[in-house]
Amino acid sequence: MSTGGKPRILLMHPILEPGPTILAEAAEVITYPPDRPLDGESIKQAAEGCVGIVSQLMDPIRETVLSIPDLKIVSNVAVGFDNIDVAAATAHKVMVTNTPGVLDDATADFAFTLLMATARRIVEADNFNRQGHFKGWAIDMMLGVDVFGATLGLIGVGRIGRGVAHRAKGFNMRVLYYDPHPLPPDAEQQLGATRVDLGRLLAESDFVSVHVPLTDETHHLLSTAQFGQMKPSAILINTSRGPVIDEAALVEALKAKKVAGAGLDVYEREPSVHPGLIPMSNVILAPHIASATTRTRSEMSAMAARNMATAIRGGRPPNLLNPEVKK
Ligand code: NAD
């Protein structure tokens, strides 16, 4: 359904310029009421008659939504697409796109920010100072752990994991990685990264940083058994997706001092954070902001809008995840 000759699309949440301008040139854009719940039935009602949906990671785009008769494309403003049932989309001949690449540096920077901040207790130290506890230099005050020369274990070395490895080189870190897809030998050499199994990575790393997509295989990839394999002095960083880590098991491991600390950007039941994590001063809790720089979020918005505009004009969107729909 459309008015004024332009096909209609549903924008689930605001995006940054130039995204809205690109969308408005190609389509009649309707927006999702911000007070409406984010469930399949409500999204389906709002998207009825639309050829496209611009979605974000909190939008469940599954069978209910994907069966809308006119729907041609779902453009996700994220690299992760675990909120979309891609197999169901393919069955309904609905294209799915994401925004890979443009957020690699911002996300890798942020993983490293969490790593440094957790190692050197920066949030705790800032609170300590603001609360008036700083009474002068002391030899044993706010002791942290060394980053330079430490061992970093990367779980997943795709675009973002590699970016973190690249940063780790500057800190003279020994980099281990676990990934079913080995890096090409020249990339391994350039990054100074050694492929190991997960058990060895957990046993030898001072920092473990997670960079896998959320899939059936990676759900709870790290749970009680894996935390038990980590060094008690090790710090866990997660900027991937919350459910990759069993959050309740992490709370228990932190309480039992099987893991020394954690820097988290993502949570199992966002926006909820496990209540056990809240009082822990050795844990940094960021509100899912790893890609949140002005440039990156603007580029993600533009990329998602271009994917949408290309598809509704009959073309093949550059970041198509299910090419079999568009032969
Ligand atoms: P990518 O596809 O380039 O890399 C993912 C890597 O994980 C691949 O090398 C893959 O082989 C590996 N992998 C898959 N299953 C694995 C397993 N079971 N064990 C070990 N490795 C496995 O993806 P990317 O662009 O690097 O992004 C990774 C994820 O980071 C995204 O899927 C997204 O969910 C998340 N992300 C989060 C934020 C944020 O704001 N916190 C920002 C960007 C990306």
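Start by selecting helix H1 (residues 19-26) and helix H12 (residues 294-312): their axes are 8 Å apart and they pack at an angle of about 10°. Axes here are lines fitted to C-alpha atoms, for helices over the stretch in contact, with angles running from 0 to 180 degrees between N-to-C directions. H1 is therefore roughly parallel to H12 (angles under 35 degrees count as that). Helices are DSSP runs of H or I, at least four residues, numbered from the N terminus.

Now show the side chains. Gly 19, Ile 22, Leu 23 and Ala 26 of H1 make the contact, with residues of H12 including Ser 301, Arg 306 and Met 308; contact means heavy atoms within 4.5 Å.

A word on the model: it is predicted, with local features needing pLDDT of at least 70 and side-chain atom pairs counting only at pLDDT 80 or more, while totals for chains, interfaces and linings use all residues. Residues are numbered from 1 along each chain as its sequence is written, and side-chain values use heavy atoms, leaving out hydrogens and water.

Next, pick H5 (residues 104-119) and H7 (residues 159-170), whose axes come within 8 Å and cross at roughly 55°. That makes H5 oblique to H7. Among the residues in this contact are Ala 108 and Phe 112 of H5, and Ile 160 and Val 164 of H7.

Last stop, the ligand. Of the 25 residues around the ligand, Ile 160, Asp 179, His 181, Thr 239 and Asp 265 come nearest (around: a heavy atom within 4 Å). The side chain of Asp 179 has an N or O atom 2.6 Å from a ligand oxygen atom. For His 181, a polar side-chain atom lies 2.9 Å from an oxygen atom of the ligand. Switch to backbone for Thr 239: an N or O atom there lies 2.9 Å from a ligand nitrogen atom.

Conventions
Helices (H or I, at least four residues) and strands (E, at least two) are DSSP runs, numbered from the N terminus. Angles under 35 degrees count as roughly parallel, over 145 as roughly antiparallel, 65 to 115 as roughly perpendicular and the rest as oblique. A polar contact is a pair of N or O atoms within 3.5 Å; within protein, one must be able to donate a hydrogen and the other to accept it, and residues adjacent in sequence count only if both atoms are side-chain atoms.
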